[in-house]
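Dear colleague,

I am passing on the structure below for you to look over. My notes on it follow, so that you can read them with the model open beside you.

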Amino acid sequence: MKLTVDKRWNLIERISGKTVTFGKYRHTLKDAVGELTVKPLTGIPVAIAVLYGFWSVFCSFAGTLCTDGFLVKLFDVHWLTWIQASFPGKGSWLYYILVGDPLADNCFEAFGVLTSGLFVPFGVVLPAVFIFYLMLTLLEDIGYMPRLAVLIDTVLHKIGLHGYAIVPTVLSLGCNVPAVTATRILETRKERFIMMTLLAIFIPCGAQLGIMQEVIPDTMGLILLYLLIGYFIFGFVLNKIIPGRCPEILIDVPSYQMPTRRNVKRKVWMRTSGFLKTAVPFVLLGCLVVNVLYLAGVIRWLGDVLSPVFISWFGVPKETVGSLIAAFLRKDLAVAQLSAIEMTKYQMITSVVLVSIYFPCVATFVMMLKEGWRELLGSLGVLVAVVFLYGGLLHLIWTLMGVG
Amino acid sequence: MGKNNVGSVYFGILGVIALAFGIADLVVTIGGSSVCWGILEIPNEMFRGGWGGFIVLFAGVFYLSGVKNFSEIHQFSKAVMGSILIWIVAGCDIFAMITESIPGGEEGPWLNTLEGFLETYSPLYPPAIFLLPFSLVAIYYIRKRKQYGG
């Protein structure tokens, strides 16, 4: 049967008349609230409030309740004293590697595989990563993340990215490893390169944030501010010098909805267990390698060789070399190690910024390699330049302020 | 006076108070020392006073901007958003109290004593906690709208 165009349209009209109900769409409260969170004028204060809530719950749960409330006591008062007293061969190299400093009164300073190596991932980082992923999952499942992507789109275009870059950026605050994978949602090679480089350099992971909150809570805000400024400055520069295009995005923003318990449980478990599998072996390995290097005198030698760079250019003690080596394995471990080195507040800020922007941890390094060796080499080139520029700049600022 | 006019006046007054609390929070943070008035404490810390105060101030702005033509859904949603901002700040303050009240402290037992636990919840309270019960009136209006299919 062949129908003419008119007959076909008539048929469509008859079918739609019987099956489709026409009416005027009425905005619901959900729609109206959703619009408020997307428009810049109203959306930015809401985003600031969401960040406030995120950060406040993170600090209260991970810092006050879990780590300071119970785990510091468990590890420092019970575990450390027990293992220091009962581990055989005090003074031997095996004791030094596994238990660490026999005179240490806390697990941060002991730096043995069985003391700091267990305290850092389970005592400090695990609560931080758990609460981070729980809140991130809630925001995703409620439907706030796509709105944040729309809201921040204009700002991110200035650094060659688009709104969806907020997904790897926020994920990176939990762990850089899944964040590197998440850069695949960006369309062009230029965008992926910029994102990967920025997150490897300027975004501290949840583990590092947890440790910073524990050992340097007073200066943490300043450090994060420096990193944030660096993220935008170097993003802007990279956008100007790297050829390629940054396309616009079209996002389907879902309506707000109640998260389901099953989904939240599965996502949090998947992400937290993924973190444990990636982090714990590297923390233990990090303690082992750094202790062996200390015993072999390699770190002292490296400290002496690199002392002109560290003291004159960065303005930090040469002992930070050990932390930078540990940073390649785990950055949280490196920050923990820095806390045991005697230095001024400003040297501490520079050191922690250096640890953050210095080489990505080995797990992230492997993930970046999977994305392509050219991208990895490019990122590393940018990284070396950033470390020297930014580290030197901080030293210059402190010197001009008279505190360097 | 209709229900919507009552709502309009109510959220207008709440908006002015929230705005005043927000400004006070910011001024005290910049000024440098906490201010106590009865059981109210305006903290001078950068995080709760500065950042939190900024949010309370915006809650006030949201309430006030939603006052005109309150029954219209987009205007009403501004009052709801003002309340959501208050819930975030007050919720975080309460959660911080809860996390402080459970552990027994560095030298003490694992769990806090009953006195220590209850002491954490005693005054002084920050401004957002004072605004919290008044902001819950938004729920009443949400339910009312639902009843009438709004």
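F111(A) sits in the loop that joins α5 (107-110) to α6 (116-142) of chain A. Please keep in mind throughout that this is a predicted model. Although F111(A) is not a glycine, its phi is positive, at about 60 degrees, whereas most residues other than glycine have a negative phi. F111(A) has 28 other C-beta atoms within 10 Å, and because the cut-off for a buried residue is 20 or more, F111(A) counts as buried.

A positive phi also occurs in chain B, at N69(B), which is not a glycine either and has a value near 55 degrees. This residue lies in the loop between α2 and α3 of chain B. Is N69(B) buried or exposed? N69(B) has 11 C-beta neighbours inside 10 Å and is therefore classed as exposed, since the limit for that class is 12 or fewer.

One peptide bond in chain B also deserves a look, namely the one from P123(B) to L124(B), which is cis with omega near 25 degrees; most peptide bonds, by contrast, are trans. L124(B) belongs to the loop between α4 (114-120) and α5 (127-135) of chain B.

As for the overall layout of chain B, it contains six helices and two strands, arranged from the N terminus in the order α-β-β-α-α-α-α-α. Its C-alpha trace spans about 60 × 35 × 25 Å along the principal axes, and 39% of its 150 residues are buried. Of the contacts in chain B between residues at least 6 apart in sequence, 66% join residues at least 24 apart.

Within chain B, the axes of α3(B) and α6(B) come within 9 Å and cross at roughly 145 degrees, and the crossing is left-handed. On the α3(B) side, F76(B), A79(B), V80(B) and S83(B) take part, and they meet A138(B), Y141(B) and I142(B) of α6(B). The residues of this contact comprise six nonpolar, one polar and no charged.

Turning to the interface, 24 residues of chain B are in contact with 20 residues of chain A. On the chain B side, α2 (46-65), α3 (73-101) and α6 (137-147) each supply at least two residues, and α3(B) gives the most, with 13 residues. By class, that side of chain B has 16 nonpolar, four polar and four charged residues.

With best regards

How values were computed
Residues are numbered from 1 along each chain as its sequence is written. Chains are lettered from A and ligands numbered from 1 in the order in which they are written. This is a predicted model: local features need pLDDT of at least 70, side-chain atom pairs count only at pLDDT 80 or more; totals for chains, interfaces and linings use all residues. Two residues are in contact if their C-beta atoms, placed from the backbone, lie within 7 Å. Helices (H or I, at least four residues) and strands (E, at least two) are DSSP runs, numbered from the N terminus. Ala, Val, Leu, Ile, Met, Phe, Trp, Tyr, Cys and Pro count as nonpolar, Asp, Glu, Lys and Arg as charged, and the others, Gly among them, as polar. Axes are lines fitted to C-alpha atoms, for helices over the stretch in contact, and angles run from 0 to 180 degrees between N-to-C directions. A crossing is left-handed if the near helix is turned anticlockwise from the far one by less than a right angle, and right-handed if clockwise.
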